[in-house]
Amino acid sequence: MSHIIGIDLGGSKIALGLVSPRDEISARRRIDTESEAGLESVVERIAIEVDALRATLRPEQKLEAVGIGAPGPVDCVSGDLLTLVNLPGISNTPFRRALQERLALPVALDHDAKVAALGEFHYGAGRERESMIYIVMGAGVGAAIIYQGQLIYGESNSAGESGHMTVDPKGHPCHCGSRGCLETYTSGPALAKHYAAATGDKVSGAAVTERALAGDETARALLGKAGCALGIAIASLAMTLNIELFVIGGSVANAGDLLLEAARASLKQYAFKAVSARVKVAASEMGEDAPILGAAWLARDRLIGGF
Ligand SMILES: [Zn+2]
């Protein structure tokens, strides 16, 4: 009976889950990332948690592999991390190889948006569909495209950088050097920045969402704008790719219909009626479990020969 550990490597936290052959998370661990301590330290601390999870298995149960989702560009063939804005301490390191050597277990690694999309596609909002676009809105904004059951990587592995689609050429400057990117309206830090500019109140993006849900007018207007920008991006993607399910995850998606209704309205405005009428914009069903189950699925698919 093969068990897999799925890992969500985040900018501030690392979440680990032991996934059973029935795709249930039977045990969990959570630690701070502390990436500034460097590759060896992060790998060592992950290994301690992997050993703790392995210790919960019965003697006849076997830990077979580890899957991991990393925030930002990765070389999905070598498993090297490229330049990660949120994790400078372990940027440009052979992360997968180092973890694999330390654990003496096969490790699969991919971009976190793709990994979470796999979780949502196989176990959540996409489980009865063949194609889906997953958009994650948290510290940054990214997307993953699944077409007829397969993740799309593009010709040089950059498919899904939809957080940097321009939705308004005259919009806010973006840290990528462009202007009016989707991310400048919809990430947690963007919401926090716009809220501080409007009210003088410096709070987190999560707090802006909470305030919007509690009725704060400024916060509601910002989430409405975020939804509008999201709808423009969905309209372009749906018109280009003719994919009809969009699943929205990440902490900003906790705003629920406040965000999604605005997105649906702007989708209607910017896409052909025949296209928008068939597009479903849904909230993530798996939440924080999506990256853990998706990472386990990735490991099973890539390393153990699938299902
Ligand atoms: Zn940008």
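1. The domain assignment divides the protein into domain 1 (2–111) and domain 2 (125–283); such bounds come from an automatic or database domain assignment. The centres of domain 1 and domain 2, taken over C-alpha atoms, are 28 Å apart.

2. The model is predicted: local features need pLDDT of at least 70, side-chain atom pairs count only at pLDDT 80 or more, and totals for chains, interfaces and linings use all residues. Residues are numbered from 1 along each chain as its sequence is written.

3. Strand β1 (residues 2–9) pairs with strand β4 (residues 62–70) in the parallel sense over 7 bridges. Strands are DSSP runs of E with at least two residues, helices are runs of H or I with at least four, and both are numbered from the N terminus; two strands pair if DSSP finds at least two bridges between them. In this pairing, Gly-6 stands opposite Gly-67 in β4.

4. Strand β4 also pairs with strand β5 (residues 107–111), in the parallel sense over 5 bridges. Here Gly-69 stands opposite Asp-110 in β5.

5. Helix α5 (residues 188–199) packs against helix α6 (residues 205–213) at an angle of about 70°, and their axes are 7 Å apart. Axes are lines fitted to C-alpha atoms, for helices over the stretch in contact, and angles run from 0 to 180 degrees between N-to-C directions. The helices α5 and α6 are therefore roughly perpendicular to each other, a term for angles of 65 to 115 degrees.

6. In the contact, Gly-188, Pro-189, Leu-191, Ala-192 and Tyr-195 of α5 meet Gly-205, Ala-206 and Val-208 of α6; residues are in contact if their C-beta atoms, placed from the backbone, lie within 7 Å.

Definitions and conventions
Angles under 35 degrees count as roughly parallel, over 145 as roughly antiparallel, 65 to 115 as roughly perpendicular and the rest as oblique. Two residues are in contact if their C-beta atoms, placed from the backbone, lie within 7 Å.
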